[in-house]
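Here is a short briefing for a reader new to this structure. Please look at the sequence and the model before reading on.

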Amino acid sequence: MLKIRIVCVGELNESFFREAQLEYIKRLSRYCDLEICQLKDEKTPANASEAQERQIKQLEGGRILEKLRADEFVTALDLSGSRMSSEQLAAGLGESLARGRRLCYVIGGSLGLSPEVLRRADARLCLSDMTFTHNMARIILLEQLYRGFKINAGEPYHK
């Protein structure tokens with residue numbers, strides 16, 4: 001069974017996000033061994049300077065880097081990342097399963113990911129040209145992973 005970890009900064013504050021996450025974890029349990037590693041986020045002052053924002057991203061990035069494993073193929077969710085269809089994501093999941101590769105997706109906090117985390121990543125993925133909260137990004141990623149497994153299984157969900 002494919003092992004997938006999602007390393008993410010920040011808590012799901014709203015109950016509807018927590019419920020959606022639980023639902024997708026349940027659905028995905030049939031297809032993969034999923035772990036969500038939720039890390040503490042740093043509070044960003046309302047009028048944070050660039051230096052403060054860099055420091056916050058570095059602190060969060062340090063926490064992320066501590067959780068990444070050497071044997072994982074790490075994909076950072078990043079606005080400058082590759083764009084792909086659900087079918088392309090499904091193909092990548094299939095290849096990873098065939099190779100026995102462990103996958104890790106990284107979702108940063110509200111300011112994004114530090115340069116150090118982006119350098120460590122093996123790939124970068126952009127979910128959309130639109131901007132989402134990191135809570136929404138987590139749910140969208142879970143949904144797309146589920147959709148990818150359904151596509152690979154030839155099941156009708158993806159239509």
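**Briefing: strands, salt bridges and a surface patch**

Methionine 136 is found in helix 5 (residues 134-153). Helices (H or I, at least four residues) and strands (E, at least two) are DSSP runs, numbered from the N terminus. This is a predicted model, where local features need pLDDT of at least 70, side-chain atom pairs count only at pLDDT 80 or more, and totals for chains, interfaces and linings use all residues. Residues are numbered from 1 along each chain as its sequence is written, and side-chain values use heavy atoms, with hydrogens and water left out.

**Surface patch**

- Methionine 136 counts as partly exposed because its relative accessibility is 32%. Buried means under 20% relative accessible area, exposed over 50%, and partly exposed in between (1.4 Å probe, protein chains only).
- Met130, Phe132 and Met136 make a nonpolar surface patch of about 280 Å². Patches are made of residues with over 30% relative accessible area and no salt bridge; like charges are joined within 9 Å, nonpolar side chains (Val, Leu, Ile, Met, Phe, Trp, Tyr) within 5 Å. Accessible areas come from the Shrake-Rupley method with a 1.4 Å probe; for residues, only the protein chains shown count as cover.

**Strand pairing**

- Strand 3 (residues 72-82) pairs with strand 4 (residues 102-107) in the parallel sense, over five bridges. Two strands pair if DSSP finds at least two bridges between them.
- In this pairing, alanine 76 stands opposite valine 106 in strand 4.
- Strand 3 also runs parallel to strand 5 (residues 123-125), joined by four bridges. Here threonine 75 stands opposite alanine 123.

**Salt bridges**

- The structure holds 16 salt bridges. Each is a side-chain nitrogen of Lys or Arg within 4 Å of a carboxyl oxygen of Asp or Glu.
- Lysine 3 bonds this way with aspartate 33, with the closest N and O atoms 3.1 Å apart. Lysine 3 lies in strand 1 (residues 2-9) and aspartate 33 in strand 2 (residues 32-39), so the pair ties together parts 30 residues apart in sequence.
- Glutamate 35 and arginine 69 meet in a salt bridge of 3.6 Å, N to O. Glutamate 35 is in strand 2, and arginine 69 is in the loop between helix 2 (50-67) and strand 3.
- Aspartate 78 forms a salt bridge with arginine 124, the closest N and O atoms being 3.6 Å apart. Aspartate 78 counts as buried at 17% relative accessibility, whereas arginine 124 counts as partly exposed at 33%.
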